[in-house]
Amino acid sequence: MEQVRDNKESVKRYAIELTVNGDAHTVVVKANTLLVNVLRDGLGLTGTKKACEVGDCGSCTVLLDGEPVDSCLVLAVEADGHEILTVEGVAQNSQLDAVQQAFIDKAATQCGFCTPGMVLSAKALLSRNPQPTEQDVREALAGNLCRCTGYVNIVRAVLAAATKQASEKGV
Amino acid sequence: MLAGGTDLLPNMKNDLTAPTALVSLKKIQTLQGMTYVPGKGVVIGARVTQNGLVRSSLLNQKYLSVSETAHAMANYQIRNRGTIGGNLVSAIPSADLPPILIALRASVTLEGSHQARTVPLEKFFTGPRCSVIARDEILTEIAIPDQATTGSAYIKFGLRRSGALAVVGVAVSLIAEGMHVEEARIVLGAVAPTPIRAREAERLLTGKTVTEAILEEVGRAAASECKPISDIRGSEEYRREMVGVFTKRALRKALNLTTSDGSRKTG
C-alpha cells in the first residue's frame with residue numbers, strides 16, 4: 001500500500017489493491033474512506049447497502065476473505081490486499097446461488113434492502129456449517145436487521161438452501 | 001490506535017471523537033494469536049478477535065467461560081472485527097470481557113516508549129472510558145495465569161439475545177471441592193464506573209458449603225455492593241435487583257448446578 005501524494009490536504013491518499021468478486025482492482029482512497037463507499041461509489045457495486053453506518057444493521061455486510069463483516073466499519077486501507085465478495089459476485093455464470101434461489105422460493109424478500117447482507121451472512125454460515133439448525137441460522141443472521149421483520153421466511157430460506165445443497169452433494 | 005474499529009469508527013461517525021491520525025495495529029504480528037506459555041498461562045494477543053476467542057480450542061479446553069462470554073457479545077460480523085484488546089482499552093463499564101478476565105486473575109501487558117509493564121486487569125480500569133494506559137502505550141497481550149480454579153462463568157443480562165449491551169454482567173470463578181468453596185472471586189460489570197469485585201459477597205462464600213440460603217445471602221451482598229446508575233437500559237433499583245439474581249445464577253453455573261443456558265438442572 002503506497003501513499004499517493006501528500007497534496008497538503010489534511011487527509012492522505014493511498015493506492016490499495018482489492019480483489020472484489022474475483023476481479024483485481026487498484027483504487028486510490030482517502031485514509032478515512034470506508035470500504036462500503038469504495039464498493040458503492042468507486043466500483044459502482046451498489047448491491048451493498050448503507051443504512052445505520054455504525055455496525056448495527058448489517059445491510060452493508062460483505063465477505064472479507066470469506067468472513068462476514070460490516071463494510072461500514074472497515075476502513076478501505078485496512079482491506080488492502082484482501083478478497084471481498086459482494087452480493088454481485090454471489091451468482092456464478094448467471095446461475096443463482098442456492099441461498100439466492102431459496103430466498104425467491106420461500107418469498108424471503110420483502111422490500112429487499114436487507115437481502116444482500118442476509119444472503120452473504122447466510123452464505124458464509126453454510127460454508128462453515130453446511131447443516132445448521134434453526135438456532136444456528138438465527139444466530140448467524142443476528143447482525144442483519146430486517147425492518148419488514150420478515151425473519152421467518154428468511155430463516156426458512158436459509159434452511160432450505162442448506163437442505164438443497166446437502167442433497168446435491170449426496171449427503 | 002485502530003484495532004478492530006468496531007468502537008472507534010462509530011464514535012468518529014457520531015462526533016464523539018475526532019482523531020487527526022489513526023495508527024493501525026493490523027501489521028504487528030506479535031499482537032495476533034494465542035498460546036499456552038508454561039509459567040505464564042494462556043497468553044492472548046491483543047488483536048485476537050471475539051470470534052477468535054469463540055473458536056479457540058485452547059480456551060474451549062481451559063477457560064470455556066471466556067469463549068462463552070465472547071460468544072454472547074454483539075453479533076457475528078462485529079465479532080469478526082472486534083478485538084479483545086480493543087474491548088479492554090475502550091474501558092466501557094458494560095463491556096463483557098473485563099469481568100470474566102478479572103475473575104480469572106488476568107493481567108495485561110502495556111508497551112510504549114518506556115519499559116513494558118504488566119498490570120493486573122483488576123487495576124487497569126479507572127472510570128468510564130478511562131484506564132491506566134498512557135498515551136504512548138498500547139496493550140499488547142492478556143495473560144490468564146495457571147490457577148486452581150474449578151469453575152468459572154459469566155452471565156450477561158441484556159435486553160436482547162444479540163447485539164445488546166449488558167444491563168448487568170456477573171462473572172465468578174471458584175476454587176471448590178464439590179459444594180465446598182475454598183476461594184471465590186465475584187466481579188460485577190455494568191453496575192459501577194468500572195468492573196468491581198463484590199468483596200463482601202466473596203467473603204460470605206469463602207469456606208462455606210453452598211446451600212440455597214447461602215446463595216441468597218451472597219446475592220444480596222453483591223446487590224448492596226454495586227453502584228449502578230439509571231439509564232435507558234434499566235433503573236438503578238432494577239440493576240441492583242438483577243445483580244442479586246445473576247450472581248446466584250453465575251455461581252450455580254460455576255458450581256455446575258445448571259445447564260449451559262443457566263436453567264437449573266433437574267434431578
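This is a predicted model: local features need pLDDT of at least 70, side-chain atom pairs count only at pLDDT 80 or more; totals for chains, interfaces and linings use all residues.

User: How is chain A divided?

Analyst: Into domain 1 (2-89) and domain 2 (98-166). The bounds come from an automatic or database domain assignment.

User: How many residues does each domain give to the contact?

Analyst: Domain 1 of chain A gives 15 residues and domain 2 of chain A gives 12 residues. Contact means that C-beta atoms, placed from the backbone, lie within 7 Å. On the domain 1 side, S4(A) brings the largest share, three residues.

User: Now helices. At what angle do H3(A) and H5(A) cross?

Analyst: Roughly 40 degrees, and their axes come within 11 Å. Axes are lines fitted to C-alpha atoms, for helices over the stretch in contact, and angles run from 0 to 180 degrees between N-to-C directions. Helices (H or I, at least four residues) and strands (E, at least two) are DSSP runs, numbered from the N terminus.

User: So what do we call that angle?

Analyst: It makes H3(A) oblique to H5(A). Under 35 degrees counts as roughly parallel, over 145 as roughly antiparallel, 65 to 115 as roughly perpendicular and the rest as oblique.

User: Which residues meet there?

Analyst: From H3(A), Met118(A), Ala122(A) and Leu126(A). From H5(A), Ile154(A), Val158(A), Ala161(A), Ala162(A) and Gln165(A). By class, that is seven nonpolar, one polar and no charged residues. Ala, Val, Leu, Ile, Met, Phe, Trp, Tyr, Cys and Pro count as nonpolar, Asp, Glu, Lys and Arg as charged, and the others, Gly among them, as polar.

User: How many residues of chain A are in contact with chain B?

Analyst: 18, and they are in contact with 15 residues of chain B. Strand S5 (residues 67-70) of chain A gives the largest share of the chain A side, four residues.

User: Last topic. What is the strand order in the open sheet of chain B?

Analyst: S1-S2-S7-S3-S4, five strands with antiparallel pairing. Two strands pair if DSSP finds at least two bridges between them. S1 (34-37) and S4 (117-120) of chain B are the edge strands, as each pairs on one side only.

User: How many bridges join S3(B) and S7(B)?

Analyst: Five. In S7(B), Ile138(B) stands opposite Glu111(B).

Conventions
Residues are numbered from 1 along each chain as its sequence is written. Chains are lettered from A and ligands numbered from 1 in the order in which they are written. Two residues are in contact if their C-beta atoms, placed from the backbone, lie within 7 Å.
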